[in-house]
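Take a moment to look over the sequence and the model before reading on. The paragraphs below go from one site to the next and can be followed with the structure open.

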Amino acid sequence: MLFSELVNFFEKIERITARSTIVDSLVSLFRKTPKEIIDKVVYLIQGEIYPDYYGLELGLGEKLTLRAISNAYGIDTYELEKLLKSFGDIGKVAEYAAKRRKQITLFKQPLTVKRVYETLEKIARTTGEKSQDTKVRLLSSLYVDASPKEAKYLTRIVLGELRLGVAEMTILDALAITFAKSIGYREEIERAYNLCSDLGEVAKVLANEGLEGIRKYKIKPGRPIRMMLAQRVENVREAALKLGKEIAAEWKYDGERFQAHKMDSKVLLFSRRLENITNQYPDAVELIRKNIKAREVIVEGEIVAINPDTGEFLPFQELMHRRRKHDIEIAVKKYPINIFLFDILYKDGESLIDKPYRERRKILEEIVEVNDKLMLSKQIVTSDLEEIEKFFLEAIEHGCEGLVLKDLEGNYRAGAREWLWIKLKKSYQSKMVEPVDLVVVGAFYGKGKRAKSYGALLVASYNREKDIFETVCKVGSGFTDADIERLPEILDKYKIDRCHPRVFSKMEADVWFEPKVVIEVIGDELTLSPVHTCCYGKVQAGSGIAIRFPRFLRYRFDKDARDATTSEEILEMYKRQLKRIEH
Ligand code: AMP
């Protein structure tokens, strides 16, 4: 197949945006493509020569490319650089230079796709001393035989600037129509793609073995599986509705997701975007090699940066120090990590992705020898929402982002974001970053387990100016069973028969108290509410400021009611929060 055919396709695609027309053009291109090079054509359409996870780059920047153009066409690099400044597009520079070539070639060979691809592959594989010269020479040999249009697109491919904008799913559609005769088979083809993350491979199997080959397609260690993602919810209750009775709640570590492929003593690590990150984490590679008792496995987990002195978790950004090509050993020492494994997808020849999570986790527990650096994600299995809320706070206190709640009966859905994993993150939950100290002014009777005590407390901030207490929220969560049991003992001695005269409340509590007991509360955010009286009318007529989704943290017996957070302070927090949102 001539490279010019591919280039004509590129040119056409650049001018169209309608998806159906792109699919049609792809189909006619695929029909013309010999089976032997269908994978290569698919990579080139994506402006690549390998799937992303290969991690092999051409290693040619703008400078070297200009040198190759200069060598091929006998135009000085200085002049080419000037052209680049005025065109702003190196592809156009190559096209222009090819038209003006000063070097006349006597025996021009038309470029074929195979030759272009193989030469680019050679360029990628050339390493070591003098490799730059070799790379330039190889690229130059292609320019010599290229037409101006071919030179333009070749340059864009080399520099990773092709950007035709053909989505992976569009390519899958076209493959389905070309090789399976109907778009109806798209899903089955996509399944194979999710297992290998390699469109070229999918195209090759389809072209050579048809739909049968695709249906039989299996996980191959060494090729990353497209990762399962989580849906998000605002609170635990919402998650529980989606997940059913028993939930596996796990800490959501603030680190880098990885998929590790262990093949005997060889270990490869892939990032969430399926890039090969093996070289960044030689320590993780060692931990996985030594502490997983299976010959071949694919496991997933999170790499978390650790404070070397205290062992505490550090935020995700700290892992950026590992993104370097040189001196990785120094970075390994200076920026240590822990690994938390949370899933297993494959073990010794057997795919595990169709097994329920309950079973996968059990297998993981059986084969991982944990130590102080390699652990399983912290997990509880429960149907008690309050227990999950407590676990959420615990996770946050330890520097995690929140929780991932998982369906215990769910399989591993490669490449999908479904309701089998649900994330509950602090960033959606706590725009309110600081806890506040509030005074208990009333209470509501509990139900069920809390029938003998109170189910929620009405709490207030202190208005220093007026020397009164203004309600901000009803707190019903964050209490342990023991906390709940103690409530009457702590509060009943301050019981009064109506709302205290120095308490301003628009709510009718079941029981009123003298403003004495102070508790620490954290919430998700501050909002305006017509039922609460804190800073009433100060932000908006007819509204006060209230705390959304408040949670009890602890008693503050050391504080007097007048030491509570003031209404003014809450107003300040509200304004700060607004500023953050506006940014
Ligand atoms: P998202 O990527 O936004 O869909 O959120 C899920 C992400 O949470 C995953 O990609 C992981 O990087 C991360 N994560 C942290 N801890 C866990 C865990 N225990 N289970 C699953 N994902 C986790």
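The model shown here is predicted. Begin with the second largest pocket, and with the strands around it. Strand 1 (229–232), strand 2 (247–252), strand 3 (256–263), strand 10 (402–407) and strand 11 (417–425) each give at least two residues to its lining. Among these contributors, strand 11 has the largest share of the lining, with 4 residues. In total, 28 residues line the second largest pocket. Those that lie nearest its centre are Lys252, Gly255, Arg257, Arg272 and Glu302. The space in this pocket comes to about 600 Å³.

What classes of residue make up the lining of the second largest pocket? Sorted by class, the lining has 15 charged, 10 nonpolar and 3 polar residues.

Now turn to the ligand. It is surrounded by 16 residues, and the closest of them are Arg257, Arg272, Glu302, Lys406 and Lys423. Arg257, Arg272 and Glu302 were also named among the residues nearest the centre of the second largest pocket. Several side chains can be looked at one by one. In the side chain of Glu250, an N or O atom is 2.9 Å from a nitrogen atom of the ligand. For Lys252, an N or O atom of the side chain is 3.1 Å from an oxygen atom of the ligand. For Lys423, the separation between an N or O atom of the side chain and an oxygen atom of the ligand is 2.3 Å. How much of the accessible area of the ligand does the protein cover? On its own, the ligand has 480 Å² of accessible area, and the protein covers 94% of that.

Glu238 is the next stop. This residue is in helix 13, which runs over residues 236–243. Glu238 has a relative accessible area of 31%, and it is therefore classed as partly exposed, between the limits of 20% and 50%. Compare its position with that of Ile422. Along the sequence, Glu238 and Ile422 are 184 residues apart, while in space their C-alpha atoms are 9.8 Å apart.

Two residues are worth a look for their backbone angles. Most residues other than glycine have a negative phi. Leu274 has a positive phi, near 65°, and is not a glycine. Where is Leu274 placed? It sits in the loop between strand 4 (266–271) and helix 14 (282–291). Its relative accessible area is 12%, so Leu274 is buried, the cut-off being under 20%.

Asp327 belongs to the loop between strand 5 (296–305) and helix 15 (328–334). Is Asp327 buried or partly exposed? With a relative accessible area of 43%, Asp327 is partly exposed.

Two arginines come next. Arg551 is in strand 21, which covers residues 551–555. Arg551 counts as buried because its relative accessibility is 7%. Its side chain makes a polar contact of 3.1 Å with the side chain of Asp524.

Arg450 is in a loop, the one between strand 12 (436–445) and strand 13 (454–463). Its relative accessibility is 11%, and so Arg450 counts as buried. From Arg450 to Glu485 there are 35 residues in sequence and 8.0 Å in space, C-alpha to C-alpha.

The last two sites concern distance along the chain and distance in space. Leu60 is placed in the loop between helix 3 (38–45) and helix 4 (62–73). Leu60 counts as buried because its relative accessibility is 8%. Between Leu60 and Ile45 there are 15 residues in sequence and 19 Å in space, again C-alpha to C-alpha.

Ala561 lies in the loop between strand 21 and helix 20 (567–582). At a relative accessibility of 7%, Ala561 counts as buried. How many residues separate Ala561 from Lys63 along the chain? The two are 498 residues apart along the chain, and 70 Å separates their C-alpha atoms.

How values were computed. Residues are numbered from 1 along each chain as its sequence is written. This is a predicted model: local features need pLDDT of at least 70, side-chain atom pairs count only at pLDDT 80 or more; totals for chains, interfaces and linings use all residues. Side-chain values use heavy atoms; hydrogens and water are left out. On a 1 Å grid over the protein atoms alone, a cavity is a set of points where a 1.4 Å probe fits but cannot get out, and a pocket is an open set with protein on both sides within 12 Å along at least five of seven lines; lining residues have an atom within 4 Å of a point. Grid points are joined across faces, edges and corners, and a volume is the space filled by probe spheres set on the points. Ala, Val, Leu, Ile, Met, Phe, Trp, Tyr, Cys and Pro count as nonpolar, Asp, Glu, Lys and Arg as charged, and the others, Gly among them, as polar. Buried means under 20% relative accessible area, exposed over 50%, partly exposed in between (1.4 Å probe, protein chains only). A residue is near a molecule or strand if one of its heavy atoms lies within 4 Å of it. A polar contact is a pair of N or O atoms within 3.5 Å; within protein, one must be able to donate a hydrogen and the other to accept it, and residues adjacent in sequence count only if both atoms are side-chain atoms. Accessible areas come from the Shrake-Rupley method with a 1.4 Å probe; for residues, only the protein chains shown count as cover.
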